[in-house]
Amino acid sequence: MKKIYSLFMSSLLFGSMVVFSSCSSDEKKEFTTETSSMHLTVDFAKAAQSRATNFTPSVGVPTTSWGDNILKLQFFLYDANGVIRWAKTVDRNHYTTLSDNQADPDGWYFDGTKFGETFRDVPVGSFTLIAVANVDRNVSNVRTTFGRNGMTSTLQDVDYSDAFIDNTNVDELFICHAWSQNQRFPDFYQDRLSYAVANAGRSNEYGRLEAGEVFRGFAEGVIITSTTEALASMEISRDVAMIRLRIDPSALAEIDGGEAKVDWTRNNAIFLSNVPQAIKMAHHVDNIGNVATPFNGNSISSSVVFIHNPSGCTFNTTEPTSGYEPGTQILTDGFTMWRDIIIFPNKCDDEVQGVETGGVVPAHDRHKYVLSISALGLPGHNCKDNDNLDADGNPTTVTLDAPTTVYWCAYLDLAMASNNVYEYNITFDNGGQTPLPNRPDISSMGLNVNFVTLRAWNSAIVSTDLVL
């Protein structure tokens, strides 16, 4: 008997990031499959509650919609051995080209809230069902990769076509950051980095692009028989997190003796290093029954995501007028610049709620993001010179006599989980460093981050105070 598989997705998209892990199997397996039918409904995850803050927290997060955020959908079923037995890909045009309450000849329909289709030839058996969105390098800044025998050290780039995924082990599928062109950085940074690597023994770094939005949902214990239509439901949310950087540069005027001599429209960039290597496709639970995090547990210190606007300031200096919830207010309490950045979560399964310091869950030292911010220091700006150390080995204070890029650097201590927004309120107590910041060893952290508020993507925010 042929199986009919109906899929329905209610749309008010929320947040999430894609989880992928690793396992076994070099060879694809062939199966003799009986088919039947299944009815599926999909909703979006509920928002978390917010907590108290010190600074006035910003209000508002990016909006989410089918047409703007869900560019490609992929569904698959995998069995108890992790073998994917069925896969189907849906492009955005299947629902955005349909008018409300209209179905096309193939059975696709979209009513403005729900998107659905009738699939055929879905196998009989007991499965885990997963839906992922935007896992495609052609629609989002991601690399889809395959780790042979579950080894992330053997990750190979490969497109996740239905033909490739079918009969592949789900634990061998991962998603990574896309490379920047030639893995390089903006010229002002690349030139200094290349010189430091060649002449000062600095480790090389490799450029990555900001991640795209990846969504995922799952349903466990989906049992499909040849005699009845199976019923399944799942919540879909982002498998990525977001950091919101808010900057109050007012202290720089005092540092420079009355008028700040920093140009934020030139050589202004944001760098995030020690980036998680990958997130896992598979859905798992940890050893105490909680849903496992998508992070594969391996951060790469030399992997650096950067955001740079070569035409001016990388930060926004006005409130958003589109793409955000009505009434969004980000610039409060003297913060005059801001930027939202999508990141891979760095929260591990053993960083669980309840293991907190000052109301927040800290990341393991080896997984903490390192944040650097750059701008052009003008003549008269007071900063630190990393090339000239005092008797205690600390950078000496210098006054610039020529335009020079300066950097501020700090660790982001939080263990950041999928589908949350983490706000960092940045103020200054020094004029930055030149030529490149000397990052402390990943194993020796020193930054004190004060928790302000925790927020889910379409609900609250996680705000912390950073003094650079």
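Visitor: What makes β3 and β4 a hairpin?

Guide: In this predicted model, β3 and β4 form a hairpin with five residues between them, and Gly82 in the turn has a positive phi of about 85 degrees. Strands here are DSSP runs of E of at least two residues, numbered from the N terminus. Two strands pair if DSSP finds at least two bridges between them; β3 and β4 have seven, in the antiparallel sense, so they count as paired.

Visitor: How do you know which residues and values are meant?

Guide: Residues are numbered from 1 along each chain as its sequence is written, and side-chain values use heavy atoms, leaving out hydrogens and water. Because the model is predicted, local features need pLDDT of at least 70 and side-chain atom pairs count only at pLDDT 80 or more, while totals for chains, interfaces and linings use all residues.

Visitor: Why is Ala87 called buried?

Guide: Buried means under 20% relative accessible area, exposed over 50%, and partly exposed in between, with a 1.4 Å probe and protein chains only. Ala87, in strand β4 (residues 84-91), has 12% relative accessibility and therefore counts as buried.

Visitor: With which residues is Ala87 in contact, leaving aside its neighbours within four places in sequence?

Guide: They are Phe75, Phe76, Asp162 and Ile165, where contact means heavy atoms within 4.5 Å.

Visitor: Why is strand β3 described as mostly covered?

Guide: Seven of the seven residues of β3 (residues 72-78) are buried. Side chains in a regular strand alternate between the two faces of the sheet. In β3, Lys72, Gln74, Phe76 and Tyr78 are buried on one side, and Leu73, Phe75 and Leu77 on the other.

Visitor: What makes Trp264 and Phe315 an edge-to-face pair?

Guide: Rings of Phe, Tyr and Trp (its six-membered ring) pair if their centres lie within 6.5 Å; planes under 30 degrees apart count as stacked, over 60 as edge-to-face and the rest as tilted. By this rule the count comes to 13 aromatic pairs. The ring centres of Trp264 and Phe315 are 6.5 Å apart and the planes stand at 80 degrees, so the pair is edge-to-face. Trp264 is buried at 11% relative accessibility, and Phe315 is buried at 3%.

Visitor: Why is the pair of Phe271 and Tyr407 called tilted?

Guide: The angle between the planes is 50 degrees, with 6.5 Å centre to centre. Phe271 lies in strand β18 and Tyr407 in strand β25 (residues 404-412), so the pair ties together parts that are 136 residues apart in sequence.

Notes
Helices (H or I, at least four residues) and strands (E, at least two) are DSSP runs, numbered from the N terminus.
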